[in-house]
Protein chains: 2
Amino acid sequence: MRALAGHPAARGLDDDCAVLEIGGETLVLTHDMMVEGIHFLAGQDPADVAWKLVATNISDLAAKGAKPIGVLLGYQLGEESGRFVEGLKEALAHYGAALLGGDTVGGSGPQALGLTAIGRATHVPVPSRCGARPGDRVWLTGAVGGAMTGLEALRSGAGESAAYRRPQARLAEGIALAPQVSAMMDVSDGLLLDAARMARASGVCLSLDTGAVPLACPESRRAEALRWGDDYELLFTMPAGIVPAAPAKCIGEVLEAPAAQILVDGKLPNSHDNLGFEHYG
Amino acid sequence: MRALAGHPAARGLDDDCAVLEIGGETLVLTHDMMVEGIHFLAGQDPADVAWKLVATNISDLAAKGAKPIGVLLGYQLGEESGRFVEGLKEALAHYGAALLGGDTVGGSGPQALGLTAIGRATHVPVPSRCGARPGDRVWLTGAVGGAMTGLEALRSGAGESAAYRRPQARLAEGIALAPQVSAMMDVSDGLLLDAARMARASGVCLSLDTGAVPLACPESRRAEALRWGDDYELLFTMPAGIVPAAPAKCIGEVLEAPAAQILVDGKLPNSHDNLGFEHYG
């Protein structure tokens, strides 16, 4: 939504999810799009594409500690709708979400897919990326770099590609962590880029110890893994001294200044450094 | 969703909207996609495209008698995002909906857009297309054919194109009619095609008097106007003797047999007849 962020209609859209109070309940809604050639490879198994479309949206719910209710699908016809539906069904069953409805359209260009996921908050206030406070510790569930090597394996036809093809949303972890965190978001576009977004949203500095970040790829590729997207781990902050309710690694701390920035091993990144995957530009 | 309808994951998706009971309230959710070259012209004013994207989704809510809460936008970057946001803002203000969130993606092919609209039901049970009963009368708000001549005007550069560019969702009408109707849906793909869908969903026959259908185009084009989409009027059924709470014209009656079909001026359409606009297939 940042491409629209300068416009009045789009104010307050710097977060991935909408939070709605309805009849005493708190709903979380998110919408993600995927486009062939950008978010998935042309010719990729449609079942994997469907899985990823679901997992990326469920990951947004996970970061809010929300339990999925269901999804609405925007489906542009592609090859092998049957395979797509198989993957969709598997992913929805895996995350306990129902297919509530949607729309099917034609089209001759690269396939575009959209999914809206609706969930019920398990904890209020619902975690956001705005709540990181100086003195907090910065944590990460799981490891990064797996989607990067998974994509390479898929392209080359050799090696393990599941981390790219079938990402796992940290749903149980997000629900367990929601009552503890001061801020939480999923890492979809690269750890450094998403950490910078959390820093900006919270008006603090996230000082990261990159050597502490667990890797799902060779050590020699650490710098790339920190900037690669699609790993869907949860990045969160909590006051020092709290033990997270889900497995996670402490990878830094929150400082007061310089605000709205990250420090990478104590240094401000050069403004021309690539921090992650920008979907548009 | 019918392209996916043979698959178990997609059962029950023959309706345009999802209805969710949340904390004592009833929510209605809908998702529509629009693709450049199919649902709008390449080079069309993005503000009009945004308006139409909102109006088509609000029209689905209108058919459910639901009052809009907000929308989530799936926005693939195109030319003139600023104009798009202007039209989006106008349409959202017009229908009283908030922009809750969404996703922005890149892409080089025809632009694909998705919108999820969320509304609050004003009447339960929420009207569906399944409730038409033998003896009911068939009604239509407004006229058809305006979008057809509007598209022609837009293409030729001469004449009035607003009905195509800026369709009006029958929101107030849908809310007024919801407590009265036995079935209701919006006419997005052509009156005959959508009537056939209502007949099939309800397991009845809709016998239509096409001469009674109000036209927003010359009489000579009646046959086309009955099959043209994009007019977004409401098609509904009510027991005989009830006066609709919104302006509408009686255009037929519901018969028991032959079920799941329409009769056009007393005759079954030939199975090869085109009844309307199929988005896919």
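Hi everyone, let me begin with a definition: two residues are in contact if their C-beta atoms, placed from the backbone, lie within 7 Å. Helices (H or I, at least four residues) and strands (E, at least two) are DSSP runs, numbered from the N terminus.

This is a predicted model, where local features need pLDDT of at least 70, side-chain atom pairs count only at pLDDT 80 or more, and totals for chains, interfaces and linings use all residues. Residues are numbered from 1 along each chain as its sequence is written, while chains are lettered from A and ligands numbered from 1 in the order in which they are written.

Let's look at helix 3 of chain A, residues 146–156. A residue is buried if 20 or more other C-beta atoms lie within 10 Å of its own, exposed if 12 or fewer, and partly exposed in between, again with C-beta atoms placed from the backbone. Which residues of helix 3 of chain A are buried? They are Gly146(A), Ala147(A), Met148(A), Thr149(A), Gly150(A) and Leu154(A). Their cover includes helix 4 (162–165) and helix 7 (222–225) of chain A. Just after helix 3 of chain A comes Gly157(A), with a positive phi of about 80°.

Tyr232(A) has a positive phi of about 55° and sits in the loop between helix 7 and strand 9 (233–239) of chain A. Tyr232(A) is buried, with 26 other C-beta atoms within 10 Å. Asp265(A) also has a positive phi of about 55°, in the segment after strand 11 (261–264) of chain A. Asp265(A) is exposed, with 11 other C-beta atoms within 10 Å.
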